[in-house]
Amino acid sequence: MNQEIRIKTKHFYAVLVILGFLLIYSLSSNNGCDSDGQSSPNSEFAAAGGREAFLLNQKGPTIYAITPTYARPVQKAELTRLSQVIRLSPNVFWVLVEDADHGSELVANLLRRSGLEERSVQLFAKTPTNFKLQGKDPNWLKPRGVEQRNKALDWVRRELAANGGRERHSVVYFMDDDNTYSSELFGEMSKIERNKVGVWPVGLVGGLMVEKPVLNRDGIVLGFNSAWRPERPFPLDMAGFAISSDLLLDNPQAQFSYEVERGYQESEILRHLTIVHEMQPLANKCTDVLVWHTRTENPKLDAEKPLVKAGKRSDAGLEV
Ligand code: UGA
Ligand code: MN
């Protein structure tokens with residue numbers, strides 16, 4: 001009899017322990033549900049395109065990505081590609097500057113449909129006719145993007161001054177509309193320190209597979225491996241550096257110019273801001289290539305020309 005009671009008591013305690021475990025388990029999995037519901041900004045949900053992906057993330061420095069752009073058949077395709085990498089990079093604020101005398105419907109539509117309206121601005125600045133490439137001019141004849149980038153720099157400097165000035169650390173990057181950018185690059189740019197210009201390799205540029213900073217053993221930038229005009233003070237591509245915003249506020253004269261020789265736009269702005277040895281190497285000590293200077297072929301539209309003449313264009317009523 002006594003033994004029977006002891007066994008029953010044992011069973012009772014065993015059931016109690018199991019119930020206790022079940023209770024703890026159900027409480028902890030409920031918590032999981034709640035936190036999923038709130039979705040932290042860094043969750044996979046955001047990366048997959050939740051609401052947070054469209055809004056500026058105030059945690060790291062804001063990266064002002066300045067993109068000159070101009071109307072041509074491939075414009076929407078190029079900007080679609082860019083808008084999608086920017087969506088994946090919540091610290092980026094996109095400063096689009098059209099080479100035109102007013103903002104276009106195409107760009108406004110693109111910003112709206114990509115969901116980036118709240119972290120972008122649509123500006124315009126037309127390149128003066130004497131500096132604009134004409135018909136069959138080779139693309140290197142005149143500098144591109146000067147007017148637009150200077151307009152954007154004005155806008156960014158004013159924006160910075162109105163929003164905390166030197167107190168707030170931001171980064172400025174010049175992003176062509178036709179290059180190819182990995183979203184990882186923006187993570188690297190977030191590491192740029194105050195008063196620094198960050199540098200990294202750029203693929204497929206200057207006649208090389210990769211143009212890159214050359215570092216010494218201590219990770220100091222000694223120079224660049226450039227083959228094209230290596231005598232330039234900063235022989236690197238526009239896509240290969242980004243600037244801490246305080247340098248731009250402290251040096252209001254730093255901008256682009258029509259007065260300089262071909263290939264000297266990068267040196268023109270950087271000469272006011274830094275020296276080669278003080279640049280901050282990023283992208284895994286400059287061994288990762290996270291941006292490529294791709295150029296898009298001009299599409300052949302031979303069959304479109306007679307249609308346009310006959311008033312029957314294939315894109316009537318469509319935005320391509
Ligand atoms: C290279 C560099 O990557 C550019 O950053 C630099 O401005 C250019 O050389 C230069 O030295 O001027 P590249 O591919 O040859 O670039 O130039 P594009 O991509 O044709 O133009 C650079 C930017 O200017 C693009 O964002 C493009 O949309 C814009 N652009 C070009 C205009 O706004 N208007 C134009 O008439 C032509
Ligand atoms: Mn280009």
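Student: Where does Val 146 lie?
Tutor: First, this is a predicted model, in which local features need pLDDT of at least 70 and side-chain atom pairs count only at pLDDT 80 or more, while totals for chains, interfaces and linings use all residues. Residues are numbered from 1 along each chain as its sequence is written, and chains are lettered from A and ligands numbered from 1 in the order in which they are written. Helices (H or I, at least four residues) and strands (E, at least two) are DSSP runs, numbered from the N terminus. On that numbering, Val 146 belongs to helix H5.

Student: Leaving aside neighbours within four places in sequence, which residues is Val 146 in contact with?
Tutor: Contact here means that the C-beta atoms of two residues, placed from the backbone, lie within 7 Å. With neighbours within four places in sequence set aside, the partners of Val 146 are Phe 256, Ser 257, Tyr 258 and Gln 265.

Student: What does H5 reach from its first C-alpha to its last?
Tutor: H5 covers residues 146-162, which is 17 residues. The expected span of a helix is 1.5 Å times one less than its number of residues, and for H5 that expectation is 24 Å. The model comes close to it, with a reach of 24 Å.

Student: Which elements do the buried residues of H5 pack against?
Tutor: The buried residues of H5 include Val 146, Ala 152, Leu 153, Val 156 and Leu 160. An α-helix has 3.6 residues a turn, so residues three or four places apart point the same way. The buried residues of H5 pack against E1, strand E2 (92-98), strand E3 (120-124), strand E4 (170-174), helix H7 (245-250) and helix H8 (265-270).

Student: How many residues of E2 are buried?
Tutor: Both faces of E2 are covered, with Val 92, Trp 94, Leu 96 and Glu 98 buried on one side and Phe 93, Val 95 and Val 97 on the other. E2 is largely enclosed by the rest of the structure because the buried count is seven of seven.

Student: Which are the edge strands of the open sheet?
Tutor: The open sheet has seven strands with mixed pairing, in the order E3-E2-E1-E4-E11-E6-E12. An edge strand pairs on one side only, and that picks out E3 and strand E12 (280-281).

Student: Which strand gives the largest share of the shell around ligand 1?
Tutor: A residue is near a molecule or strand if its C-beta atom, placed from the backbone, lies within 6 Å of it. Ligand 1 is surrounded by 21 residues, Pro 68 and Asp 99 being among the closest. The largest share is three residues, from strand E1 (residues 62-69).

Note on methods: A residue is buried if 20 or more other C-beta atoms lie within 10 Å of its own, exposed if 12 or fewer, and partly exposed in between; C-beta atoms are placed from the backbone. Two strands pair if DSSP finds at least two bridges between them.
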